[in-house]
Amino acid sequence: MASELLNKDAISPKLGRLAELANRFADPEFAIAHGGRVKTIAAGHYTVSGLSRQVRLGDFVAHRSATGTHLGEVVRVEPELVYVCPIEPGEPIAIHDIVIRKGAFRLAPTDSWCGRAINALGDPIDGKGPLEVGAAQRSISNNAPPSMTRRRVETGFKTGVKAVDIFSPLCLGQRLGIFAGSGVGKSTLLSMLARADAFDKVVIALVGERGREVREFIEDTLGANMAKAVAVVATSDESPMLRKMAPLSAITIAEHFRDKGDNVLMIVDSVTRFAHAIREVATASGEPPVARGYPASVFTELPRLLERAGPGAEGTGTITAIISILVDGDNHNDPIADSTRGILDGHIVLDRTLAEEGRYPPVDPLASISRLARKAWTPDQETLVSRLKSLIHRYEETTDLRLIGGYRPGTDPELDMALKQVPIIYDVLKQTPGEPPCPDAFSALAAALKAGNANQQGQGGMRQRGNG
């Protein structure tokens with residue numbers, strides 16, 4: 001009966017053509033030729049049949065459901081099935097829903113994005129209206145610039161944080177990691193570094209952060225500097241795909257500003273949660289772990305992200321990246337910390353013991369290293385810092401001996417010098433987020449040491465007169 005109704009000789013040509021199209025759309029082979037269909041659904045991913053020859057790993061697809069169109073990323077490709085992780089949590093998915101290939105995810109940033117807070121998809125979340133669309137679209141999965149076309153890192157700058165400017169100075173285009181356990185002060189130090197005046201633009205990726213802290217960081221920490229900043233936010237309750245995309249979207253926006261000739265500061269807090277998001281996605285797709293629960297794709301994605309920062313080609317600007325690394329269990333040799341440390345151009349170590357003593361920021365000057373420090377120090381400053389580290393090391397290694405009363409002043413001139421100078425150095429390095437940035441940390445240190453020496457000499461003279 002149905003074949004008679006769809007017979008072109010029995011009905012008008014137009015209606016026959018319409019019936020033919022209806023039959024074609026109902027045919028699964030036709031749908032597969034132009035897209036695919038959901039085959040299976042599991043926690044964290046779903047599979048699609050009919051797209052294996054059309055998509056590549058990392059492509060985005062659009063899933064059409066009863067509630068609209070939803071994005072997902074291809075995380076695994078097999079001959080007959082494609083594994084897709086949905087971008088939005090709780091997306092309604094049904095068997096046989098149509099899935100269409102979209103290609104690489106792209107953003108089109110412009111200078112008008114400064115002062116705005118957006119999510120990982122490039123949509124505004126600050127209630128200030130829609131974003132302007134730039135003239136050129138950029139894939140968030142771009143490669144780093146070729147190494148031989150990049151300018152060299154040459155120019156140092158002042159962050160205003162005394163502990164950093166003295167012991168681990170930075171250069172424009174450098175990539176620095178801040179390593180610390182939970183609750184030691186990574187975000188606080190990042191907020192202090194974000195106030196540096198050496199940059200034309202600031203791009204911030206808040207990955208897996210507490211939702212309540214987002215407005216505090218934007219409104220209180222950045223304040224007036226938000227006018228030249230773009231904040232990309234993916235809070236801890238969002239899907240792993242959004243947490244994975246946030247740093248990629250942020251570096252894409254930073255690359256737009258760098259290619260225009262701006263010096264850009266990019267802050268990622270934290271890259272560990274970026275790695276955790278990759279692990280969740282990879283585990284859902286069936287990728288096996290290779291190092292303490294982390295799959296191999298984590299150690300592929302980390303250098304791809306971090307290498308995109310740095311100086312650009314001649315005639316362009318720089319991206320100075322300051323990355324926080326959450327050290328799980330205060331183990332500085334965990335896989336993410338160890339891998340990241342080998343990629344970056346330096347690391348600042350925050351010590352929980354120093355934080356418990358009330359020394360903020362709790363920067364360990366002996367464990368912190370800037371591989372480009374010699375480009376920021378003058379020769380005299382390099383000599384001074386070397387001397388300061390020697391005194392601090394001597395002071396710290398004799399702590400137990402001095403606590404049990406096993407040292408008499410006058411026995412070791414080097415240690416006597418350390419006992420006089422190191423407490424003054426530690427006092428100078430203390431700095432709260434509410435204090436204004438220090439314009440010249442070395443001058444502040446020199447003035448404090450000079451005043452401290454004068455006080456000690458005066459007290460020594462009074463003791464001598466009293467004894468006399």
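**Salt bridges**

A: Arg 304 and Glu 301 are separated by about one helical turn, because they sit three residues apart in helix 9 (helices are DSSP runs of H or I, at least four residues, strands runs of E, at least two, numbered from the N terminus). This is a predicted model, so local features need pLDDT of at least 70 and side-chain atom pairs pLDDT 80 or more, while totals for chains, interfaces and linings use all residues. Residues are numbered from 1 along each chain as its sequence is written, and side-chain values use heavy atoms, without hydrogens and water.

Q: How far apart are the closest N and O atoms of Arg 304 and Glu 301?

A: 3.9 Å, and the pair forms a salt bridge (a side-chain nitrogen of Lys or Arg within 4 Å of a carboxyl oxygen of Asp or Glu).

Q: And is Glu 301 buried or exposed?

A: Buried, with a relative accessible area of 17%; Arg 304 is partly exposed at 38%. Buried means under 20% relative accessible area, exposed over 50%, partly exposed in between, using a 1.4 Å probe and protein chains only.

Q: Switching topic: what does Glu 307 form a salt bridge with?

A: Arg 175, with the closest N and O atoms 3.2 Å apart. That pair links distant parts of the chain, 132 residues apart: Glu 307 is in the loop between helix 9 and strand 18, Arg 175 in strand 12.

Q: Which Asp meets Arg 175 in a salt bridge?

A: Asp 345, at 3.3 Å from N to O. Arg 175 lies in strand 12 and Asp 345 in the loop between helix 10 and strand 20, so they tie together parts 170 residues apart in sequence. Both are buried.

Q: How many salt bridges does the structure hold?

A: 26.
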